[in-house]
Protein chains: 2
Amino acid sequence: MFSIVFEPCGCTIRAASGTTILKAAEEAGVRIRSDCGGKGICGKCRVAIRNQLGLEALSQTEAELLTVEEVQLGYRLACRSRVLHPSEKLTVVIPEESSLGERKFQETGIEVYVPLEPAVTKYFISLSKPTLEDFRPDLERLLDSLMIEHHFESLDIDYQLLRSLPKLLREANWNATSVIWNKKKIISIETGDTTNDILGLAVDLGTSKIVAQLVDLTTGETIAVATVDNPQIAWGENIISRISFADGDEENLRILQDMVVSGVNETINRLCSETGRSSSVIYEAVVVGNTVMHHLFLGIEPTYLGLSPFIPSTKRSVNVKACELKVNMNSAGIVNVLPVVAGFVGADAVADLMASGIYNADEATLLIDIGTNTEVFVSSSREVLSCSCASGPAFEGGHISQGMKAMTGAIEKVRIEERTYKVYFDTIGNTKPTGLCGSGIIDAVAEMFRCKIIDRLGRFNRSIETPRLRESGSKMEFVIAWEDEGGVGRDISISEKDISEILLAKAAIFASSSVLMKRRSVSLNDLKKVLIAGALGTNTSPESAKIIGLIPDVPLERIGLLGNSAIVGAKMALVSKSMREEAELVSQRVTYIELTTDPDFSKEFSDALYLPNRDINRFPSVKKALGELKEEIAGAS
Amino acid sequence: MFSIVFEPCGCTIRAASGTTILKAAEEAGVRIRSDCGGKGICGKCRVAIRNQLGLEALSQTEAELLTVEEVQLGYRLACRSRVLHPSEKLTVVIPEESSLGERKFQETGIEVYVPLEPAVTKYFISLSKPTLEDFRPDLERLLDSLMIEHHFESLDIDYQLLRSLPKLLREANWNATSVIWNKKKIISIETGDTTNDILGLAVDLGTSKIVAQLVDLTTGETIAVATVDNPQIAWGENIISRISFADGDEENLRILQDMVVSGVNETINRLCSETGRSSSVIYEAVVVGNTVMHHLFLGIEPTYLGLSPFIPSTKRSVNVKACELKVNMNSAGIVNVLPVVAGFVGADAVADLMASGIYNADEATLLIDIGTNTEVFVSSSREVLSCSCASGPAFEGGHISQGMKAMTGAIEKVRIEERTYKVYFDTIGNTKPTGLCGSGIIDAVAEMFRCKIIDRLGRFNRSIETPRLRESGSKMEFVIAWEDEGGVGRDISISEKDISEILLAKAAIFASSSVLMKRRSVSLNDLKKVLIAGALGTNTSPESAKIIGLIPDVPLERIGLLGNSAIVGAKMALVSKSMREEAELVSQRVTYIELTTDPDFSKEFSDALYLPNRDINRFPSVKKALGELKEEIAGAS
């Protein structure tokens, strides 16, 4: 058995021969970034290992994914390096960019007021005690009072509650509070008057993060918010890795379900310890997430979500008893998972729609919820078209050489001075930069384009004279932060390949928007609102988004950043039964368009690979701001 | 560790020091009778033990409950004798009367036809396969077809089924049968057309036996019947011992619930192996039982059923998923427990009422379901009064010195020749007699009374000259079977104390009947039907029942023996949803009378302690048949 010390956290674990460093880290509770799920593809699990005598020799994969310098410095891929021979203590140093640090989670969005109408209600009743003359059974005694005092005609009772009803009523000395779900079912009996104590949980199950709001259902107020990484990340950053992990293997599916439930339970622990409230008075949770997260959370086999024609098990909302899902709230409480629209348009999208309300508006609106999969909606006259596109992880920092999630140290804003090419940037947490997150990359590309550092195809203008633009190996890159400004011991730069990733991502999103607009006959001028939700949060520059052609060229005042509108929609459904019914209608009313069969999509996509678009006239304000672009650049296409 | 061999079965077990023989037998799977639940009260667990050196010395309890002869023959009480010192092999011989042999179960009653209308129905559907054009989710695809082809408007689906729906539909190549419960919920999906394969289970949970019928729900036919001892017997013969075992102890309650469920599962095993059918196509079970069995089966704390005012947890019917109860049928199948009337008038009584139909009849009827607790109903003009009385176990052979259950070897019919006092008897299974069961005891007492061997107070007429009437120790007894006729190595006799037990039991039942008749203003002449259900089965002599004053003196053609009408009622509710709704109404409509507060009861009870009654004029036909009774006997009261 090997003794492995992880730095900087100092955690130690003994690992058996054959174990990978990634696996050992998981067991030690040390979190190493692994976007591909440990398959030796992403190269993100770089760690520096001192004393490599006990390890297997460098693999072919590592040789390809690591630079010569990195190998010389003792870097290995945690997923590929296996402990082999007995040795002295092995020390693994996890560099900041390979560590899953504290995320700047998108916890909230623009709150929308809905009248308080929760599914769970409480009623305090003083019952008469049974006698030889009044020998009504316990339940009937209770139901009679609930009928007389609160007009409930036909209530059911949770079976497990029925089992302990005699004891509970007598312990309460017949003065008890009934907790009733949906005016249909008694789910809990509590001693004395607890009518002021009703909590609910709104949960957004993101592929990479879980956000939860603890809501006081007597007031509708959010009393605390917590966010944790989705623990499924250890099995792959994206949903496709997780589908393939769960595919046909019930045990693996169970692991993924357990992981996401444990993540939800972790948010509950944090929320309860922060507020000093008991998890047993959380009677209801409303959960949203993309369709794969929806399936994994409910333990539904996700296989066919990953195979054309991408069919979900169901689209309707699902109610499950908390104890059946092992969610740590009142055990007879109800977990409501909101409906989905289609295989790639999930309950989070339904929540987006509810939060934005666009399905009820006459004016033409474009709503984009950006993530690894991006959902796009175009609505007008109360009809909504939706589609989903695989925009990839670029806007979340994935597939970008020095990209990272929006967490501490990420560069989130970039401004480049014309002529001098001096770069100004802000980082999350105002620490030294360790990489670039989505909004930073958008800014950087927009600024490089504005300053003509790159052309309309995202290629560097090699005639520019600045040390920031340089060759590194066979590729060109532009330095955003110098080594001495940063926290990773090297320059932070953007390569042509990175720019190409961004162009692919924004092209997919813009093409999707264009196809839906065309289908719904919405022109650029018709468009009264462009709403951006999801990964980019509320700090993205709408101007930069327009310049790179991510969104149509509408006046800035028509552009809104919603942030995490999925959690907002989830909370709306939590505090209001009517909104929950509305969610069902929304999911029915949205028409899903399958882009893979749309003839316009590929033309729109290839046009959108230009900055901002092959047809510059579709971006009049960008065209104007940038001035006349040189013919030779345009002609290069 | 001791090695203990049980004979005649030959089972061997190793037991630790301090273990009782009863406990060791349980562990070895050897069933020893123990009416009091191992408390050293009933004295029924007599066993002969060879080589007692390793045992604790005879206890005071054993000295009191065993005769000197028994002690000399090596008899001990299994519940009181503990293994103590290491020793050679210990051999425990279980005499027939202490063994829980094969019971002559009351498996069926008079079948009542009801139109077939089961809650579970099946529909075979060929679904179209999903395509990129028709990307409806699996559930919605199925629901659409169920709506179009079978007009189901709003179906729900079992959550666990939803989890495997994608796999099931694809394994079935989209040709699948949906199993729908109560027109509300899809509980199973099966490959191909299985519409001919629908089974249901009707169960009567008796305190001492469990009877189950396997019913083909496509025809309504009972295809097999199985009966097992209620495994809870190891924790006491009567419900009061079980209530006290479970009282306030969740673990003990769980044991009792597990035991009764394992009994039900044993009937399922037998039924399925007998018929070659799979338990997975049993989709529904309807269960009846007294209120304590109802609570124990559902795992509801029974404490308050044993304390005045004897309040049940609920009276309404309860539906529970089979997997929640661990009943070995289709895991999403539904177990329906029929409603009860009150603490001592259970779902079995509701089933009796349904089978007899008396609640719908205008004519005055008395229905008695005899057991350790006897339920009595008097109905007229569609109104039903009910009560329960603690008649004790005498009619089941309990508290009778040589009484036994109606199992192989029990004397079930007795005739005594006047003058010669010669006794003729029949035994169950036509084997040598080992004791007397209920119907045999009723016959014996009636015949002894008819032949003036006993007087109206059940005392022996000492002037009679026959070797059968003799003193044994300080008490008188009458020999029914001589040692050489029998199978237990001693005479089988009835003592004055035994007769007194019978008088107490019949007095309680008759007094209850009388009180209810008075309350409902039903006279002897009004009474158009007297129905006897339960323990006494269909072999009891109505004439003898009248002679001892167990039932009112109505013409023989008005007396009906229903046998196990509880299982008949359970089956009616199983094959017909309407009957199940009817059961709910029946339970609501029956008025329960608490006898302990009734002023007439004690007077009626003390009158009924006479044979047939203190007021002989209430039994005109008995009076006539017996001729004028001597004044001195009547005057003795």
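Reader: Leaving aside neighbours within four places in sequence, which residues is Val350(B) in contact with?

Author: Leaving those neighbours aside, Val350(B) is in contact with Leu338(B), Pro339(B), Val340(B), Val341(B), Gly569(B), Ala583(B), Val586(B) and Ser587(B). Two residues are in contact if their C-beta atoms, placed from the backbone, lie within 7 Å. A word on the ground rules: this is a predicted model, where local features need pLDDT of at least 70, side-chain atom pairs count only at pLDDT 80 or more, and totals for chains, interfaces and linings use all residues. Residues are numbered from 1 along each chain as its sequence is written, while chains are lettered from A and ligands numbered from 1 in the order in which they are written.

Reader: Okay, and which residues have the most contacts inside the largest nonpolar core?

Author: Those are Val350(A), Ala570(A), Val350(B) and Ala570(B), in a core of 352 residues. A nonpolar core is a set of buried Ala, Val, Leu, Ile, Met, Phe, Trp, Tyr and Cys residues joined through C-beta atoms within 7 Å. A residue is buried if 20 or more other C-beta atoms lie within 10 Å of its own, exposed if 12 or fewer, and partly exposed in between. As background, nonpolar side chains tend to be buried together in soluble globular proteins.

Reader: At what angle do α10 and α14 of chain B pack?

Author: About 80 degrees, with the axes of α10(B) (347-356) and α14(B) (565-575) 7 Å apart. The two helices are therefore roughly perpendicular to each other, a label for angles of 65 to 115 degrees; under 35 is roughly parallel, over 145 roughly antiparallel and the rest oblique. The axes are lines fitted to C-alpha atoms, for helices over the stretch in contact, and angles run from 0 to 180 degrees between N-to-C directions. Helices (H or I, at least four residues) and strands (E, at least two) are DSSP runs, numbered from the N terminus.

Reader: Which residues meet there?

Author: From α10(B) there are Asp348(B), Val350(B), Ala351(B), Asp352(B), Met354(B), Ala355(B) and Ser356(B). They meet Ser565(B), Ala566(B), Val568(B), Gly569(B), Ala570(B), Met572(B) and Ala573(B) in α14(B). By class, this contact has nine nonpolar, three polar and two charged residues. Ala, Val, Leu, Ile, Met, Phe, Trp, Tyr, Cys and Pro count as nonpolar, Asp, Glu, Lys and Arg as charged, and the others, Gly among them, as polar.

Reader: Over in chain A, how many residues of α10 are buried?

Author: 10 of the 10, so α10(A) is largely enclosed by the rest of the structure. Among them are Ala347(A), Leu353(A) and Met354(A). Just after α10(A), Gly357(A) takes a positive phi of about 70 degrees.

Reader: New topic: what rotation superposes chain B on chain A?

Author: A rotation of 180 degrees, with 0.0 Å of shift along its axis and an RMSD of 0.1 Å. The two copies are thus related as by a two-fold rotation axis. In chain B, the C-alpha nearest the axis belongs to Glu324(B), 5.4 Å from it. The same surface serves both copies, as 100% of the contact residues of chain B recur in chain A. The superposition is by least squares on the C-alpha atoms of residues with pLDDT of at least 70 in both.

Reader: How many residues does each chain put into the contact?

Author: There are 37 residues from chain B and 37 residues from chain A. On chain B's side, α4 (138-150), α5 (159-171) and β14 (318-321) each supply at least two residues. The largest share, seven residues, comes from α5(B). That side divides into 19 nonpolar, nine polar and nine charged residues.

Reader: Last one: is Ser521(A) buried or exposed?

Author: Ser521(A) counts as exposed, with 10 C-beta neighbours inside 10 Å. Ser521(A) lies in the loop between α12 (496-519) and β25 (529-534) of chain A. Its phi is near 55 degrees, a positive value in a residue other than glycine.
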